[in-house]
Protein chains: 2
Amino acid sequence: MERALAAARAAGARGEVPIGCVIVGPGGAVLAEAGNRTEELKDPTAHAELLAIRAAAAALGSPRLVDCDLYVTLEPCPMCAQAISFARLRRVYWGAADPKGGGIEQGPRIFDQPTCHHRPDLYPGLGEREAAELLRAFFRERR
Amino acid sequence: MERALAAARAAGARGEVPIGCVIVGPGGAVLAEAGNRTEELKDPTAHAELLAIRAAAAALGSPRLVDCDLYVTLEPCPMCAQAISFARLRRVYWGAADPKGGGIEQGPRIFDQPTCHHRPDLYPGLGEREAAELLRAFFRERR
C-alpha cells in the first residue's frame with residue numbers, strides 16, 4: 001500500500017485526483033503500478049485501477065490475473081470493481097471509503113450482484129488515514 | 001446500429017464474443033467504432049464500449065463526450081455502463097438484453113444508483129433480433 005500511496009501522491013502532483021494502485025503477482029513481485037490519469041490522457045476510463053489492470057494483463061500476457069492482488073488508495077468505483085471481477089483478481093485492499101462514488105460497499109455493491117461471476121476477497125481500510133488525507137488536501141486546495 | 005452490428009460480426013470472425021459499438025458525435029458523424037477485443041489484446045477491459053469510448057475521447061481530445069450517442073449490440077455490463085456515465089454520453093441504444101451480465105436493466109442497475117452522477121437516455125431493443133442471433137450462433141458453434 002505504500003507504493004500505491006506514492007502513486008497517488010504522484011498523480012496529485014500532476015494535477016490528477018490523487019489515487020494510486022499497485023498489482024502484485026503470485027510471487028509477490030509488483031506487476032503494475034499506476035496513478036489516475038483521466039485528465040492527462042483525456043480518457044474517462046483512465047482510473048488508476050483500470051490502467052494497472054491493463055498493464056498487469058499485458059505483463060502476464062493474459063486477461064486473467066489469477067492469484068494476483070490489487071492495492072488501491074480509494075474504494076474502487078463500479079467500473080473498476082467490475083473490471084477487477086473480470087480480471088479474476090484474488091484480493092482487493094483499499095484505503096479510504098468512497099460514499100459518493102464507490103462501487104463495493106455502496107451504491108451498486110458490484111461483488112454482491114448475481115451478475116458478478118467472480119468475487120475477490122476484500123480488505124478495506126488499509127492505509128485509510130493517509131489515503132483520505134491526500135484526497136482531502138487535494139480538494140481543499142482547489143476550492 | 002447497422003455499423004455496430006457489422007463491428008459485432010467482425011469481432012465474431014476474429015474469435016471474439018460478437019459485440020460491436022459505435023459512437024456518434026453531435027453532428028451525426030461516427031466518432032469511433034469498435035468490436036470486443038478481450039482475447040486479442042489479452043485485456044479484460046477491452047469491451048467494445050470501453051474501446052469506443054477511449055477512441056472517441058481521443059478523437060475529441062476530451063474525457064467528456066457531450067451530446068454524443070452510443071450504439072451497442074448487447075446491453076452494457078456494469079463496467080461499461082459506469083464508463084458511459086463518466087463519459088457523459090447523451091443517449092445509449094442497445095440491441096439484446098443481457099440477463100447474466102448486464103448492468104443497466106439487471107444486477108447493479110448502474111444508472112439508478114445514488115453513486116451515478118450522469119444518467120443517459122436509454123433506448124433498449126434496437127436491432128435486438130439480429131444482435132441476439134449473432135450471439136446465439138457464436139455460442140452454439142462453441143458448445
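## The surroundings of A:His47

Leaving out residues up to four places away in sequence, A:His47 touches A:Asn36, A:Thr38, A:Cys77, A:Met79 and A:Cys80, as well as B:Phe86 of chain B. This description rests on a predicted model. A:His47 is placed in the loop between helix H2 (38–41) and helix H3 of chain A. With a relative accessibility of 17%, A:His47 counts as buried, because the cut-off for that class is under 20%.

## The annotated sites

An unreviewed UniProt entry lists A:His47, A:Cys77 and A:Cys80 under "binding site". These residues span 34 residues in sequence, yet no two of their C-alpha atoms are more than 9.1 Å apart, so they gather at one spot. A:Cys80 belongs to helix H4 of chain A and is buried, its relative accessible area being 0%. Apart from its neighbours within four places in sequence, A:Cys80 is in contact with A:His47, A:Glu49 and A:Leu50.

A:Glu49 carries the UniProt annotation "active site", again from an unreviewed entry. The residue lies in helix H3 (residues 48–60) of chain A. A:Glu49 is buried, at a relative accessible area of 5%. When residues up to four places away in sequence are not counted, A:Glu49 touches A:Cys21, A:Leu70, A:Val72, A:Leu74, A:Pro76, A:Cys77 and A:Cys80.

## Helices H3 and H4 of chain A

The axes of helix H3 and helix H4 (residues 78–86) of chain A come within 9 Å and cross at roughly 25 degrees. Angles under 35 degrees count as roughly parallel, and H3(A) and H4(A) are therefore roughly parallel to each other. The crossing of H3(A) past H4(A) is left-handed. On the H3(A) side the contact is made by A:Glu49, A:Leu50 and A:Ile53, and on the H4(A) side by A:Met79, A:Cys80, A:Ala83 and A:Ile84.

## The sheet of chain A

Chain A has an open sheet of five strands in the order S2-S1-S3-S4-S5, with mixed pairing. Its edge strands are S2 (30–35) and S5 (121–123), each of which pairs on one side only. From one strand to the next, the twist averages 15 degrees.

Strand S1 (residues 20–24) runs antiparallel to strand S3 (residues 69–74) of chain A, and four bridges join the two. S1(A) is also antiparallel to S2(A), to which five bridges join it. A:Ile23 stands opposite A:Leu70 in S3(A) and opposite A:Ala32 in S2(A). S1(A) and S2(A) form a hairpin with five residues between them, and A:Gly28 in the turn has a positive phi of about 100 degrees.

Helix H5 (residues 128–142) of chain A lies across S3 and strand S4 (91–96), running at about 55 degrees to S4(A).

## A contact between the chains

B:Gln82 is found in helix H4 (residues 78–86) of chain B. Its relative accessible area of 2% makes B:Gln82 buried. Setting aside neighbours within four places in sequence, B:Gln82 is in contact with A:Cys77, A:Pro78 and A:Met79 of chain A and with B:Ile110. A:Cys77 and A:Met79 are also among the residues that A:His47 touches.

Terms used:
Residues are numbered from 1 along each chain as its sequence is written. Chains are lettered from A and ligands numbered from 1 in the order in which they are written. This is a predicted model: local features need pLDDT of at least 70, side-chain atom pairs count only at pLDDT 80 or more; totals for chains, interfaces and linings use all residues. Side-chain values use heavy atoms; hydrogens and water are left out. Two strands pair if DSSP finds at least two bridges between them. Axes are lines fitted to C-alpha atoms, for helices over the stretch in contact, and angles run from 0 to 180 degrees between N-to-C directions. Contact means heavy atoms within 4.5 Å. UniProt positions are given in the numbering used here, feature names are shortened, and annotations may be inferred rather than shown by experiment. Buried means under 20% relative accessible area, exposed over 50%, partly exposed in between (1.4 Å probe, protein chains only). Angles under 35 degrees count as roughly parallel, over 145 as roughly antiparallel, 65 to 115 as roughly perpendicular and the rest as oblique. A crossing is left-handed if the near helix is turned anticlockwise from the far one by less than a right angle, and right-handed if clockwise.
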